[in-house]
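I opened the model to look up a few points on fold and packing. My notes follow in the order I took them.

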Amino acid sequence: MDSKLDVAAIVEKSVLASPPDLLFKIINSLDSELSSKQIGEIIGHDQSISAQVLKLSNSSFFGFKGSIRTLDRAINILGTKTVRNIAVTTLLFAHTNKVRLWNLDILNFWLHTYLVADITRELSQKIGLDGDESYIAGLLHDIGKLVLYAQRQEKAEIFRNVHTSNEIYDYEKTTWGIDSNELSKLLLEKWNIPKDTVTAISEHRTTKGESLLSKVVYLANEFASIVTDPYYKSMMTYPIFMKLLRDIKMSEQDFMRFTVQIPNIAERGKMIMKVMSRQTSSSPLRRRMITKATLISPNEYSLSKCLLELIGFSVDLYTPEQVNEYFQEIKNEEERRKAEYDERFKTHSDDQQEPENEKKEETEKEKKPGFFQRLFGKKTVEDDIILENEEDENKKTIIWNPLVLFEQTDPIEIDRASVTTYSVFIDPTSMKGNPIPFFFSSPDIKTK
C-alpha cells in the first residue's frame, strides 16, 4: 500500500484539511500576553462559539448559573486561560461533531480528548510546564483518529474485546498503512502547530520519548482511557509508573495528592460534553452490578481510590489501624461473653452441677453469631446505642461493601458469599479477561 498517497488523499477529503482560522488565532495567542479584551474580541467573532462559551460558563460546575451574560464577564470571572481553553475545545468539537465515525463514537472520542487535555494541564502545572500549551497538546493528541475512523470500514471486533493501545495502533497500521499517532503528527505539521507541541503528541504513545510533556500526556491518556474505554487494558506496571514520575521529577506522594483531583476532572468533562452536545441527560459509561467498594489503605491519598472512582465506584476508605481496632473490639466482646458464660456454668461442686439439657439450652441462648456473621451482620438497636455513646468521635464503624480491596496491607479473608476481596498489586500485565485499572490484582470486578 502506498501510504503517502493514501494519507494525502484522505487528509484532503477530511474536514480537518482546512480547520477554522479562529482555531489558529486562539492557539497563536498562547505565545502572547493578550488582554482579556483582546481574547474576547478574538472569540467574539464567532457567535456560535461565543454562545457555547457562555453556556459552559453558566453551567452548574462553575456555579455561576445565569449570571454570566457577556464574554468580558466570563473572562473576568473565570480567567483568560479557562475561557480560551473552553473556546478552543468547543471550536474543535463544533467543527467535527457531525463527522460520521466508524468503530468510534464521536461524543466518547471528545470526552476522552477533553479529559486528556484537562488532566495534562493540571499535572503540567504541578511540574512547572505551561498549562495552556499542555492543554492544547492533550486536546490534539488523538486528532488523527478523526481522519482515519471517518473512512468507511467494517465493524472490528478489537474494539469490543480487551485491547491495549499498541494493538489498536497495529490495527490502524494494517488497515491504512499508517496509525493515528503518525497521522496526528503529519496533520499538525500541516497546520504549523508549534514544534514542541507536535513532538509531545508524536511521542506520547510510549514512555521513551525525550519530551517531558509527552510523558504527562501519556499519564493523562491512561487515566482518561479508564473512564472512556471499558475494554482498555493498561500495560503500565509499577516500575514504568515510577520511572515516569522520576522523569517528570515528581514524588510518588505528590502524585498521589494530585490524583484526588482526577475524579472531579472526569465529572467536569462529562458535564462539559453534555452541554456541548446539547444532551438533556447522560447515561453512565459503565453499568456495574456493584457500585460500592471498601478500600483498606494506609494512604490518605490513594491511587486505588482514584481509579475505583473513575470506573464508577463509591469508595469508603479506612486505615489498617481502624480495621484492627474494629476487630479488636469484636474480639474483646467475644472474650467478655465467654468469660460470663464460663462464670455462669462454672461447677462449684459435683452435686451442684446443672442438668446437661438445661446447660445446653442456656448455651444456645447465650451463644452469639459467628465472627464473620457479626462482622457483616445488620446493626442491632444495641449497636446503635453503643455507637451513640461512643466517647471517641473519630472512630469509624467499618462499612463492608460487596467489593473490598486491601492496598499496601495484608488482606483479611472474608468468609461471606456477597463480598469479594482483592489485594492491590503492581503488575497487571499477566491479567486475563476483562481489564481493570493498573495495579489491581484481579480483573474480575463484575460489570454488565
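Entry 1, overall. I counted secondary structure in the protein and got 21 helices and four strands. The model is a predicted one, so I read every value here as computed from a prediction.

I then checked burial across the chain. Of the 448 residues in the protein, 46% are buried. For the surface, I noted an accessible area of about 23800 Å², with carbon and sulfur atoms contributing 48% of it. I also looked at how far apart in sequence the contacting residues are. Among contacts with a separation of 6 or more, 66% are between residues 24 or more positions apart.

Entry 2, strand 1. I went to residues 292–296, which form strand 1, and asked how much of the strand is buried. Four of its five residues are buried, so the rest of the structure largely encloses strand 1.

Next I looked up its partners. Strand 1 runs parallel to strand 2 (residues 314–318), and five bridges join the two. Within this pairing, isoleucine 296 is opposite tyrosine 318 of strand 2. I followed the chain from strand 1 to strand 2 and found that it passes through helix 17 (residues 303–310). This β-α-β crossover is right-handed.

Strand 1 has a further pairing, with strand 3 (residues 403–406), also in the parallel sense and over four bridges. Here I noted leucine 403 in strand 3 as the bridge partner of alanine 293.

I placed isoleucine 86 in helix 6, which spans residues 80–96. Is isoleucine 86 buried or exposed? Its relative accessible area is 8%, and because buried means under 20%, isoleucine 86 counts as buried.

I listed what isoleucine 86 touches, leaving out residues up to four places away in sequence: Val53, Leu56 and Phe62. I also took one distance. Isoleucine 49 is 37 residues from isoleucine 86 along the chain, and their C-alpha atoms are 9.3 Å apart.

I looked up which residues of helix 12 (residues 195–203) are buried. They are Thr197, Val198, Ala200, Ile201 and Ser202.

How values were computed:
Residues numbered from 1 in each chain as written. Predicted model: local features only at pLDDT ≥ 70, side-chain atom pairs only at ≥ 80, totals over all residues. Heavy atoms only, no water. Buried < 20%, exposed > 50% of the residue type's maximum accessible area, 1.4 Å probe, protein only. Contact = heavy atoms within 4.5 Å. Areas by Shrake-Rupley, 256 points an atom, 1.4 Å probe, with all protein chains shown as cover. Pairing = 2+ DSSP bridges. Right-handed = clockwise from strand over helix to strand, strands pointing away.
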